[in-house]
Amino acid sequence: MTGEMPTVESDSSAVPGTENDLVASVIDGFDGATVTEHATASSATVYHQVSVSVDDWVSVVRKAKNAGFDAFVDLYAVDHFAQAPRYEVGVNLISMENNQRIIISTRVPYDDATVPTLTGVFVGANFYEREAYDLIGIDFPGHPDLTRILLPDEWVGHPLRKDSSVGAIPVQFKAGSVDL
Amino acid sequence: MTDTTDTESAPVEELESDQDPSAPEMSVADQRRATHDMWVSGTEDTYPFAAATDEGAQEMLPQADDPGASMQAGIAVDDDYTSEVLVDPDERQIINMGPQHPSTHGVLRLHLELEGETVRRVKPIIGYLHTGMEKTAETLTYAQGGTNVTRMDYLAPFHNELAYSLTVEQLLGLEVPARASAIRVLMTELNRVASHLLWAATQGMDIGALSMMIYGWREREICLDFFEKTTGLRMNHNYIRPGGVAADLPDGWQDDVTNLIAVVSAGIGEYEELLNENPIFLDRTMGVGVITPQECKEYGVTGPMARASGVDWDLRKAAPYCGIDQYDFDVPLGRHGDVHDRYTVRMEEMRQSLHIAGQIVETIPSGDYRAEDRKVTPPPRKRIDESMEALIHHFKLFTEGINVPEGTAYQSVEGPRGELGCLIVSKGGTRPWRMHWRAPSFAAVQALPVMMTDSLLADVVASLASADPVLGDVDR
């Protein structure tokens with residue numbers, strides 16, 4: 001209820017007011033939250049991407065869950081490398097009742113790649129946060145079991161970071177030999 | 001599978017009082033069978049399927065009407081099993097199932113903590129098939145990307161290609177012709193049938209119906225033959241591409257699809273004849289591996305698994321893509337969220353997909369099978385000999401690739417296993433900056449402990465098979 005009205009950048013005006021209302025109610029009271037509307041392959045539906053600060057991350061997601069976005073779909077991380085803040089973490093939620101999708105994302109810098117865990121809000125965030133930790137190297141304090149999930153435990157580095165190059169790790173072929 | 005006191009204490013008179021007095025007396029098992037039905041999405045109508053399951057003599061145990069959400073490992077669901085012999089907690093043993101176990105559908109590994117024969121804790125361990133496909137995607141052009149993504153969920157290659165192509169088209173702002181969209185719907189729906197047939201085969205095999213395996217494979221072969229005739233390959237097709245599809249449907253495809261629909265429909269009837277009244281199959285599936293609607297939403301479980309729990313959510317209805325909303329089809333839903341409901345829902349989904357395919361045979365529009373945008377799709381071979389511009393376009397497209405503007409797009413399709421989503425972050429250029437996949441099997445594997453905890457060891461295999469995880473999709 002405090003703070004400025006959230007800014008809504010929309011490339012389409014065909015959205016019924018109620019749909020925007022639901023998204024606006026989620027970010028109401030969170031300073032600096034921005035909304036972008038994205039079209040989809042289905043002409044009837046759009047989804048909204050909400051960017052929030054990392055301090056508001058858990059509270060916004062919890063508020064979204066209480067507002068009806070109660071189905072957890074996805075959690076992703078992106079390494080933007082040359083941009084600051086460098087890492088983006090986003091969570092994809094559905095409100096089945098209102099047939100709406102929202103992606104709530106936040107950005108964190110390289111020297112503090114830490115995002116509070118969502119496992120307290122959605123237990124399903126467990127595996128997805130482990131994947132983001134494993135491949136991008138985001139730390140999720142409060143996660144019950146933040147271990148590598150796809151790569152072996154002894155793996156060094158986080159391969160989906162942009163400074164981890166393809167082919168950097170030599171692969172040893174054990175079977176047979178080739179005379180060159 | 002549940003505490004037996006419920007069955008014994010269930011007053012038979014009370015159940016009979018609901019019945020028409022003139023009707024023949026129904027046993028408690030038949031009562032249970034009669035309520036084990038499906039209904040049509042958006043209506044209160046029960047699905048006619050119920051008639052096929054209300055006969056037989058299996059004693060089924062009552063299921064709690066409202067199990068409620070148990071956020072931790074299914075403590076309140078009705079497949080909970082209490083060991084009759086008390087086992088000292090110190091004597092619990094952990095056994096390792098997989099990654100080479102034949103019924104783990106690939107290379108899934110499960111840590112099972114057992115108390116006697118009761119599973120008390122489960123931990124799925126994945127990553128044995130991780131090949132870094134999301135990283136590989138960053139090194140491939142958008143034109144090459146299809147060959148990569150089609151190998152993720154190798155049982156639903158068309159769905160992967162479709163999600164990828166739709167996302168790229170979203171970034172390009174490209175419209176595809178109506179015929180291309182219809183071909184895409186036809187191929188993805190037939191792919192759903194092929195995938196569910198393989199699921200039926202392996203589910204039957206895993207719980208002892210070995211002939212089911214042969215039957216499922218037999219009908220799936222007809223689907224794969226049609227895919228091979230259309231795309232040249234039995235799997236990993238790279239047929240649906242940004243801008244449309246790679247080639248038009250082959251001559252005589254209407255006859256092929258009509259024949260496929262007839263043969264597979266007859267096959268589904270055979271499976272139901274084999275399994276619907278099979279006492280062993282019913283005992284192994286009813287009330288086993290229950291997951292509640294709330295748990296589905298918490299864990300990100302979508303698709304047939306969520307619909308078997310009664311979650312009325314199908315992206316083909318909620319966010320229709322490729323004009324799939326023009327076709328008439330129902331969304332079957334279950335009530336109990338057990339293995340048996342997943343079986344009935346998938347069987348009915350196959351029928352609905354065949355129904356969609358039948359409508360496409362009749363209504364497919366004529367026109368181009370891909371967008372005539374030379375920055376995205378290559379010119380016809382003949383034009384290259386005639387036109388310098390066509391030669392340049394062809395050369396640029398296959399050396400440099402498709403130039404995609406900066407932006408972020410997320411697009412999901414209803415795959416055979418649930419919501420299959422593709423997120424592409426583009427910074428301009430011909431290669432994606434980041435490609436993230438929302439894999440339905442990943443969420444399903446995460447929810448396995450909910451289904452398996454406090455059930456019998458033998459039911460682990462039934463629950464796992466009913467989740468239908470594809471490890472290529474889980475690990476990517």
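Which residue follows H17(B) with a positive phi? Gly401(B) does, and its phi is near 105 degrees.

## Basis of the model

The model is predicted, so that local features need pLDDT of at least 70 and side-chain atom pairs count only at pLDDT 80 or more, while totals for chains, interfaces and linings use all residues. Residues are numbered from 1 along each chain as its sequence is written, and chains are lettered from A, with ligands numbered from 1, in the order in which they are written.

## Helix H17 of chain B

Helices (H or I, at least four residues) and strands (E, at least two) are DSSP runs numbered from the N terminus.

In chain B, three strands form an open sheet in the order S8-S9-S10 with antiparallel pairing, where two strands pair if DSSP finds at least two bridges between them. Strands S8 (407-415) and S10 (434-438) of chain B are the edge strands, each pairing on one side only, and the twist from one strand to the next averages 15 degrees.

Nine bridges join S8(B) to strand S9 (residues 418-426) of chain B in the antiparallel sense, and Gln411(B) has Cys422(B) in S9(B) as its bridge partner. Helix H7 (residues 157-172) of chain B packs on the sheet, touching S8 and S9 of chain B (contact meaning C-beta atoms, placed from the backbone, within 7 Å). The direction of H7(B) makes about 150 degrees with that of S8(B), on a scale in which angles run from 0 to 180 degrees between N-to-C directions and axes are lines fitted to C-alpha atoms, for helices over the stretch in contact.

## Helices H8 and H9 of chain B

The axes of helix H8 (residues 178-206) and helix H9 (residues 210-231) of chain B come within 7 Å and cross at roughly 165 degrees; H8(B) and H9(B) are therefore roughly antiparallel to each other (an angle over 145 degrees). Among the residues in this contact are Leu190(B) and Met205(B) in H8(B), and Trp217(B) and Phe226(B) in H9(B).

## Contact between the chains

Chain A contributes 29 residues to the contact and chain B contributes 33 residues. On the side of chain A that touches chain B, strand S2 (34-39), strand S4 (71-79) and helix H3 (125-135) of chain A each supply at least two residues, and S4(A) gives the largest share, six residues.

Definitions and conventions. Contact = placed C-beta atoms within 7 Å. Parallel < 35°, antiparallel > 145°, perpendicular 65-115°, else oblique.
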